[in-house]
Amino acid sequence: MLTSELYHHNKSAFVRYLVSRNIARFSNTAYYIYFMWEIIANYHSVLLVSLIPGFSFLGYLIIAIPEGSIIDRYDRHLIYIIINLMMVITYSFLIAGHGLFIIYAVDFLSSMFMWVVSDDFRALTKEIIPADHMAGAQSADQLSSGIFTLAGILVGGAFIFMKYNYVYELLIGISILAMAMIFIPNTVKVSNRSNVRNGFRSTFKIMKSIIPFLLLTLILNGMFVAIDVFASGLVYIVMHASSIYYTFFIAGFPAGMLAGGIMSMHSIFRRHQNSKGLMALYIFLTGIIFVLISFNRIPIMDGVLTFFSGVILAFVNIYIETMVINSIPSSITGKFNSLTAMFSVSSSPVMAFVFGYASGFLYFPYIITIVGVIMLISSFTVIRIMDGFNMAMERIEKENPELF
């Protein structure tokens, strides 16, 4: 366990890793937003648009198992540098053109590397931030994620008006900046990792004990991708509005997460961050928001609704991330993050394809209504699932103290 002195020593390093990760998120988001609109505008196909989030999540499913083992075995700082270098190379492919094959290939690779950076960041956070500072670190994470994601959406929207001019140069430059943030001697001090011979066996044992929690994340991740798939269609096809409203719609999430991150740092909200009852309420309210989005036909209102869902999502993320990071041993953090994320995220590419396909014979706003109803139902299981997670982790720590 790190002391407060080590926390202060590592604080600047944590900020560098955080900013670097979010700069990479910024470039990935800008790319995502720009080409989602380009495809719907040029091909008028929700199915082709659905392939963007589909390939984004598919890349992670392929890399998840090996990257978790690599993160636990090798220098996590060096991994950060190598992956950011791969992001620079990936965006360089755009120089060859912007046909569908190139768009999907760059989407697949850049998203895959972005997931690895995120898992590496979580593992580093576990090493350098003590448990009593973890909630504050997660609040800072949500705040900065909201800022950089919002900036990425706005820049992605600006790319639409630039008509592809200088887009790839900017993406390459942004990726170089992300790498430069952490391309310095590693002076961070980390906590000692326990020596675990069979990290995957231990990880699978923990996962088996928290299956209800994993199923909940599986459902929620699969449902949230509906907004990614249908956002451009709602604005362009249903409301016949311009890309400005599309950008505003998508920007609502990170803007809300930014507001939620700021609110979470206040003492009034900090004392309620561990409330399971509020977690259930947050998911219930998110379901209501999805239903409202499906029936709304005023373009600007969708941005307002996604803003409130972003505020809620920030509180949900802080609760879950803090609970998970504090509970999982540092020795298997990489494996646990990759395997559980693979499990929960696996529904996202599947549901992206399902949503895109279903839109061929079902009016897609109704699909969003169904998603909202599923979230409403899921909210009634949250308290019991969270209690089960905490009891399972306490039992594992007693039975396997060598892991901790």
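## Who touches whom

Here, two residues are in contact when they have heavy atoms within 4.5 Å. The model is predicted, so keep that in mind as you look around. With that cut-off, phenylalanine 355 is in contact with Gly222, Met223, Val225, Ala226, Val229, Phe230, Ile367 and Val371, leaving aside its neighbours within four places in sequence.

## The whole chain

The chain's secondary structure is 16 helices and 0 strands. Of its 404 residues, 57% are buried. Among contacts with a separation of 6 or more, 88% link residues 24 or more positions apart.

## The core

Phe355 turns up again in the largest nonpolar core, which has 124 residues. Along with Phe213, Phe230 and Met386, Phe355 has the most contacts inside this core. Helix H1, residues 4-43, gives the most to the core, with 17 residues.

## A kinked helix

Now for helix H2, which runs over residues 46-73 and has 28 residues. From first C-alpha to last, H2 reaches 42 Å, close to the 40 Å expected at 1.5 Å a residue. Where is the kink in H2? The kink lies at alanine 64, shortly before proline 66, and is about 55 degrees.

## A tucked-away serine

Serine 309 sits in helix H12, residues 299-327. Is serine 309 buried or exposed? Its relative accessibility is 1%, so serine 309 counts as buried, the cut-off being under 20%. Not counting residues up to four places away in sequence, serine 309 touches Phe253 and Ile289.

Note on methods: Residues numbered from 1 in each chain as written. Predicted model: local features only at pLDDT ≥ 70, side-chain atom pairs only at ≥ 80, totals over all residues. Heavy atoms only, no water. Helix = DSSP H or I, 4+ residues; strand = E, 2+ residues; numbered from the N terminus. Expected span 1.5 Å × (residues − 1). Bend = angle between axes of the 7 residues up to and from the residue. Buried < 20%, exposed > 50% of the residue type's maximum accessible area, 1.4 Å probe, protein only. Core = buried A, V, L, I, M, F, W, Y, C linked by side-chain atoms within 4.5 Å.
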